[in-house]
Amino acid sequence: MAQLNLTFFLVIFLSLFFSFLATPVEPSSLTSHRNPNPKTMTYIESSCKGTLYPNLCMRCLSQYAKSPLNGPQHLAQHALSVSLSRALHTKGYLLKVAKELQAIKSNKKEYLTVQDCVNQISDSVEQISQAMKELRSFNKHDSNMNDKMLWHISNVETWVSTALTDASSCVYSFPGNRMSKRVAAIKVKAKNVAEVTSNALFLFHRYASTYQKATMNTNNS
């Protein structure tokens, strides 16, 4: 009887195992970076060349290369989306670390520094979110480069610049080379937020410049 039960469970296990293997996997999980649109990928590469971190820029934006991009505004929106995602992830990590440090009460200075970083990255999240909301509303306004449009563009530039400053401040909150693994991880994550935000700011500047030139050409024709 024991042998029969063992055989029965083995058959069930193998059936479930092969059923799992046969289950189709969502394309997004396996092919998000496969089969990119050649024109889109070329456009991303040429756009990223002017950023401070071109390789990071291309890695982050290649996930959007499967379909055509609707010009520099679309690319700027994707870049800000990447920046927001990294900032949210880092904020979650910092909250976790701050909670752990508060519980063990071993290093009050480190806890306060991490808490400052939580506030700075939280501000970055809010500012990037505001910039994305403002950028999405551009098409709803008059296409002429008037004072109102210049004001909206200035708002986005200010918010993204401030988000970059906040993320950079978190990085420099931990001076020196000798640090714990926890602090090193914080610096890496905050630095990544600063770098992708720097790239996003450049791509938005590029979009704003293109928008202004296109408007000037329209007004002069």
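**Cysteines and a helix**

Cys60 has a relative accessibility of 7% and therefore counts as buried, a word that stands for under 20% relative accessible area, while exposed means over 50% and partly exposed lies in between (1.4 Å probe, protein chains only). The model is predicted, so local features need pLDDT of at least 70 and side-chain atom pairs count only at pLDDT 80 or more, while totals for chains, interfaces and linings use all residues. Residues are numbered from 1 along each chain as its sequence is written, and side-chain values use heavy atoms, with hydrogens and water left out.

The sulfur of Cys60 lies 7.4 Å from the closest cysteine sulfur, that of Cys57, which is too far for a bond. A disulfide here is a pair of cysteine sulfur atoms within 2.5 Å. The structure holds two of them, and with bonded cysteines counted along the chain they follow the pattern 1-2, 3-4.

Cys57 is bonded to Cys48, with 2.0 Å from S to S. The torsion about this S-S bond of Cys48 and Cys57 is about -65 degrees, so the disulfide is left-handed. Cys48 and Cys57 are both buried.

The other disulfide joins Cys117 to Cys170, with an S to S distance of 2.4 Å. Its torsion about the S-S bond is about 110 degrees, so this disulfide is right-handed. The pair links distant parts of the chain, since Cys117 belongs to helix 6 (residues 108–136) and Cys170 to helix 7 (residues 147–171), 53 residues apart. Helices (H or I, at least four residues) and strands (E, at least two) are DSSP runs, numbered from the N terminus. Cys117 is buried, at a relative accessible area of 0%, and Cys170 counts as buried at 1% relative accessibility.

Cys48 leads back to helix 3, which spans residues 38–48 and has Thr40, Met41, Ile44, Ser47 and Cys48 as its buried residues. These residues lie on the same side of helix 3 because they cover an arc of only 130 degrees around the axis, the arc being that of the directions from the helix axis to the C-beta atoms. On the face turned away from the buried side, helix 3 carries the exposed residues Pro38, Lys39 and Thr42.

Lys39 also takes part in a contact at the start of helix 3, where a side-chain oxygen of Asn37 comes to within 3.0 Å of the backbone nitrogen of Lys39.

Key:
A polar contact is a pair of N or O atoms within 3.5 Å; within protein, one must be able to donate a hydrogen and the other to accept it, and residues adjacent in sequence count only if both atoms are side-chain atoms.
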